[in-house]
Amino acid sequence: MSIRRPCLWYGKLDTNVYSAYCLLMDTRELIRKLRELGFEESGTKKHAKFRHPDGRWTVVSKGSHEIDIDLLKKMEQQIGEKLR
């Protein structure tokens with residue numbers, strides 16, 4: 001479930017990001033979206049590496065915590081898809 005929270009950068013409200021709100025995502029939702037995009041999971045105890053048949057990949061930590069917006073942007077760059 002995505003959670004809408006105000007984005008704060010250096011104590012100021014950032015109006016350039018999602019009309020001043022960030023959509024946060026927990027790891028379970030991220031893993032579900034990656035599987036829907038065709039990524040296959042291979043991993044260890046604490047982290048899972050998701051690989052796509054065309055060679056794209058990213059690493060997700062296992063557990064149930066929220067993923068920071070900066071980390072989510074980096075993952076989107078790695079896999080070349082929008083996750084939000």
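Author: The protein chain holds two helices and eight strands, where helices (H or I, at least four residues) and strands (E, at least two) are DSSP runs, numbered from the N terminus. Along the sequence, the pattern of the protein chain is β-β-β-β-α-β-β-β-β-α. This is a predicted model, in which local features need pLDDT of at least 70 and side-chain atom pairs count only at pLDDT 80 or more, whereas totals for chains, interfaces and linings use all residues. Residues are numbered from 1 along each chain as its sequence is written, and side-chain values use heavy atoms, with hydrogens and water left out.

Reader: What makes Glu-29 count as buried?

Author: Buried means under 20% relative accessible area, exposed over 50%, and partly exposed in between (1.4 Å probe, protein chains only). Glu-29 counts as buried because its relative accessibility is 8%. In helix H1 (residues 27–36), Thr-27, Leu-30, Ile-31 and Leu-34 are among the other buried residues. Of the 84 residues of the protein chain, 32% count as buried.

Reader: Why is Lys-33 called buried?

Author: Lys-33 has 19% relative accessibility, and therefore counts as buried. This residue is located in helix H1. Leaving aside residues up to four places away in sequence, Lys-33 touches Met-25, Leu-83 and Arg-84, contact meaning heavy atoms within 4.5 Å.

Reader: How do you know that the side chains of Arg-32 and Glu-29 meet in a salt bridge?

Author: A salt bridge is a side-chain nitrogen of Lys or Arg within 4 Å of a carboxyl oxygen of Asp or Glu. For Arg-32 and Glu-29, the N to O value is 4.0 Å, and the pair is counted as a salt bridge. The two residues are three apart in helix H1, so about one helical turn separates them. Arg-32 is partly exposed, because its relative accessible area is 41%.

Reader: What makes a set of residues a nonpolar core, and which residues touch the most other members of the largest one?

Author: A nonpolar core is a set of buried Ala, Val, Leu, Ile, Met, Phe, Trp, Tyr and Cys residues joined through side-chain atoms within 4.5 Å. The largest has 13 residues, of which Leu-30, Leu-34, Phe-50, Val-60, Leu-72 and Leu-83 touch the most other members. H1, strand S6 (47–51) and helix H2 (69–79) are the elements that give two or more residues to this core. Not counting residues up to four places away in sequence, Leu-30 touches Met-25, Val-60, Ile-67, Leu-72, Met-75 and Leu-83. In soluble globular proteins, nonpolar side chains tend to be buried together.

Reader: How do you know that Lys-49 lies over the face of Trp-57?

Author: A charge sits over a ring if NZ of Lys or CZ of Arg is within 6 Å of the ring centre and within 35 degrees of the ring normal. Lys-49 lies over the face of Trp-57, at 4.3 Å from the ring centre, which is within the 6 Å limit.

Reader: Why is Thr-44 called exposed, and where does it lie?

Author: Thr-44 has a relative accessible area of 55% and is therefore exposed. Thr-44 lies in the loop between strand S5 (40–43) and S6. Its C-alpha atom is separated by 9.7 Å from that of Ser-61, 17 residues apart along the chain.
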